[in-house]
Amino acid sequence: MVAINRRQAFALGGGFVALALMPMAADAEPSNDAAAWIKKFTDGKEPVKGKIALDLPEIAENGNTVPLSVTVDSPMTADAYVKEVMIVADGNPNAGVATLMFSPLSGKAEASIRIRLAQTQNVTAIAKMSDGSLFSEQKTVKVTIGGCGG
Amino acid sequence: MADRPRIKLPKEASKGEIIQVKTLVSHVMESGQRKDAQGKTVPRKIINRFACEFNGKPVFACALEPAISANPYIQFNARIEEEGTFKFAWTDDDGAVITAEEKIALKA
């Protein structure tokens, strides 16, 4: 039998607490139709990760106004520009957040909005380029006070 | 709601310059998820579309869902090639449209 002293027992206990908390911290189970939104936007094609910088706070104290900035790497000329960027949140009552529509006149594919997040969840941005290619980026936001219902 | 939308952009820009446009409009953005004191669902009432055009050409637009915060703040960019007028439009669920205009000149 392995003898466990007091110190080891505490360490073990701490480990279990951490394990028990882990699924909560990353509760990324989609609770709505986010996948359907994405499928509709991408037409079933698989977006490539990259080209997008999605700026969101890691921890949002107030889910009622969470600042979101999205920047897509693109020259934004008449031949090559970002057409649309769709934002979905997989833990809100409705997955859709916003669809941003850019044009070559935008100059830069960058926009900021403020969004509501009901709970800790993943926020995904998917960009559709003028040539039809797709890029995506995802961020997890921990929400202290939810921003829907309430 | 009758408040004028607040728009911030430079008065003038050099040709080819990319400017930043900030807009804020007062609106409750009722999500349709909340319940009132009697337990009845408050009907959804949001701005569902924002559009900005410059001299009649689209610059930026967005489709908004109930997950947008009250008093929606939208910030985007525009490339200025000529002087002209920005037109902004916010469309409400009930069909009402809030509009605004801003002029921009070219730097001499």
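**Close-ups of a predicted two-chain model**

**View 1. Aromatic pairs in the predicted model.** Counting over all chains gives nine aromatic pairs, where rings of Phe, Tyr and Trp (its six-membered ring) pair if their centres lie within 6.5 Å, and planes under 30 degrees apart count as stacked, over 60 as edge-to-face and the rest as tilted. One of them joins F50(B) and W90(B): the ring centres sit 5.1 Å apart and the planes meet at 45°, so this pair is tilted. F50(B) belongs to strand β4 (residues 47-54) of chain B and W90(B) to strand β7 (residues 84-92) of chain B, so the pair ties together parts 40 residues apart in sequence. Strands here, like helices, are DSSP runs numbered from the N terminus (E, at least two residues, for strands; H or I, at least four, for helices). Both F50(B) and W90(B) are buried, meaning under 20% relative accessible area, with exposed being over 50% and partly exposed in between (1.4 Å probe, protein chains only).

**View 2. The F54(B) and F86(B) rings.** Here the centres are 4.7 Å apart and the planes lie at 45°, so the pair of F54(B) and F86(B) is tilted. It links distant parts of the chain, with F54(B) in strand β4 of chain B and F86(B) in strand β7 of chain B, 32 residues apart. F54(B) is buried, as is F86(B).

Residues are numbered from 1 along each chain as its sequence is written, and chains are lettered from A and ligands numbered from 1 in the order in which they are written.

View 3. Strand β7(B) runs antiparallel to strand β8 (residues 97-106) of chain B, and eight bridges join the two. To count as paired, two strands need at least two DSSP bridges between them.

View 4. Six strands make an open antiparallel sheet, in the order β2(A)-β4(A)-β7(A)-β6(B)-β3(B)-β1(B). The edge strands are β2 of chain A and β1 (6-8) of chain B, each pairing on one side only. From one strand to the next, the twist averages 15°, based on axes fitted as lines to C-alpha atoms (for helices over the stretch in contact), with angles from 0 to 180 degrees between N-to-C directions. Where do the chains meet in this sheet? Strand β7(A) pairs with strand β6 (residues 73-80) of chain B in the antiparallel sense over two bridges, and I113(A) has I74(B) as its bridge partner.

**View 5. Strand β4(A) and its neighbours.** Strand β4 (residues 66-72) of chain A has a covered face made of V66(A), L68(A), V70(A) and V72(A), while P67(A), S69(A) and T71(A) make up the uncovered one. Strand β2 (residues 52-55) of chain A pairs with β4(A) in the antiparallel sense over four bridges, with D55(A) partnered by S69(A). β4(A) also pairs with strand β7 (residues 110-115) of chain A, again antiparallel, over six bridges. In that pairing T71(A) stands opposite E110(A).

View 6. Leaving out residues up to four places away in sequence, Q75(B) touches E110(A), A111(A) and S112(A) from chain A, plus Q20(B), V21(B) and K22(B); contact means heavy atoms within 4.5 Å. Its side chain also makes a polar contact with the side chain of Y73(B) at 3.4 Å. A polar contact is a pair of N or O atoms within 3.5 Å; within protein, one must be able to donate a hydrogen and the other to accept it, and residues adjacent in sequence count only if both atoms are side-chain atoms.

Technical notes. Predicted model: local features only at pLDDT ≥ 70, side-chain atom pairs only at ≥ 80, totals over all residues. Heavy atoms only, no water.
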